[in-house]
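Subject: Structure handover

Hello,

Here is the structure I promised to pass on. Please open it first, then read my notes below.

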Amino acid sequence: MESRHKKGFTLLETLVALSVLTFAVVGPLTLAFYSIRSASLSQNQLTAFYLAQEAIEYVKNKRDTNVLAGESNWLNGLAPSGGGKGLCRNIKGCTVDIPYNDIQICPPDGCLKMRYSSETGFYHQDTSRGVESPFTREIRLDIVSDYEEKVSVIISWTERFGVRSFTLEENIFNWP
């Protein structure tokens with residue numbers, strides 16, 4: 001009599017083995033995907049925070065320079081180029097190009113994206129230099145009183161996982 005019991009895997013055993021193997025491979029790949037996503041998000045959030053803080057410091061520096069120079073207008077120099085009176089107090093806000101010391105009112109359809117120069121390592125607004133970055137920076141000044149202004153910096157950026165933004169606010173004072 002011949003034995004019909006052959007050694008080997010049945011179809012069901014093979015499917016179970018493949019399922020276990022699939023879960024063993026997919027788990028670490030999913031973890032790696034979320035780690036890369038988180039690292040990218042963290043890098044962009046950190047850059048955005050520094051861009052917002054840089055703009056606040058620029059405004060404070062302008063205020064300090066005016067006060068130390070004895071200017072009667074402690075916010076002198078924060079008006080948009082071309083003699084505008086808005087001082088970034090309009091609905092559209094303004095952009096501050098810190099490396100080139102320039103302030104411009106944002107166009108009606110929104111502020112332009114910042115550009116990044118790999119030569120200098122700086123973000124700026126000069127469209128003739130560098131490459132377009134994902135970041136947009138808008139600055140608004142709001143009157144609180146004759147000696148106090150609220151500075152709001154809105155940073156927004158687009159990444160693979162959607163549009164993100166946050167606002168950094170600080171009140172500055174005329175301190176003569």
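Residues 24 or more positions apart account for 46% of the contacts in the chain with a separation of 6 or more. Contact here means heavy atoms within 4.5 Å.

Two notes on the source. This is a predicted model, so local features need pLDDT of at least 70 and side-chain atom pairs count only at pLDDT 80 or more, while totals for chains, interfaces and linings use all residues. Residues are numbered from 1 along each chain as its sequence is written, and side-chain values use heavy atoms, with hydrogens and water left out.

**The chain as a whole**

The chain has 1 helix and 7 strands. Read from the N terminus, the order is α-β-β-β-β-β-β-β. Helices (H or I, at least four residues) and strands (E, at least two) are DSSP runs, numbered from the N terminus. The chain has 176 residues, and 30% of them count as buried. Buried means under 20% relative accessible area, exposed means over 50%, and partly exposed lies in between (1.4 Å probe, protein chains only). The accessible surface comes to about 11700 Å². Carbon and sulfur atoms hold 57% of that surface. These areas come from the Shrake-Rupley method with a 1.4 Å probe; for residues, only the protein chains shown count as cover.

**Salt bridges**

How many salt bridges does a search of the whole structure find? The search finds 7. A salt bridge is a side-chain nitrogen of Lys or Arg within 4 Å of a carboxyl oxygen of Asp or Glu. Side chains of opposite charge can pair when their charged atoms come close.

Start with Arg 137 and Glu 54. Their closest N and O atoms are 3.0 Å apart. Arg 137 lies in strand β5 (residues 131-145) and Glu 54 in helix α1, so this pair ties together parts that are 83 residues apart in sequence. Arg 137 is buried, at 1% relative accessibility. Glu 54 is partly exposed, at 27%.

Next, look at Glu 57 and Lys 60. Their side chains meet in a salt bridge at 3.7 Å, N to O. Both sit in helix α1, 3 residues apart, so about one helical turn separates them. Glu 57 is partly exposed, with a relative accessible area of 37%.

Then find Arg 63 and Asp 64. This salt bridge spans 2.6 Å, N to O. Arg 63 is buried, at 9% relative accessible area. Asp 64 is partly exposed, at 25%. Shared partners also join Glu 57, Lys 60 and Glu 170 into one network of salt bridges.

**A nonpolar patch**

Which residues make the nonpolar surface patch of about 610 Å²? They are Leu 11, Leu 15, Leu 18, Leu 21, Val 25 and Leu 29. Patches are made of residues with over 30% relative accessible area and no salt bridge: like charges are joined within 9 Å, nonpolar side chains (Val, Leu, Ile, Met, Phe, Trp, Tyr) within 5 Å. Leu 18 lies in helix α1 (residues 11-68). Leu 18 is partly exposed, at 47% relative accessible area.

**His 124**

Is His 124 buried or exposed? At 2% relative accessibility, His 124 is buried. The residue lies in strand β4 (residues 122-124). The His 124 side chain reaches the backbone nitrogen of Asp 126 at 3.1 Å. Leaving aside neighbours within four places in sequence, His 124 is in contact with several residues, including Asp 97, Tyr 100, Met 114 and Arg 129.

Best wishes

Methods:
Polar contact = N/O pair within 3.5 Å; in protein donor to acceptor, adjacent residues only side chain to side chain.
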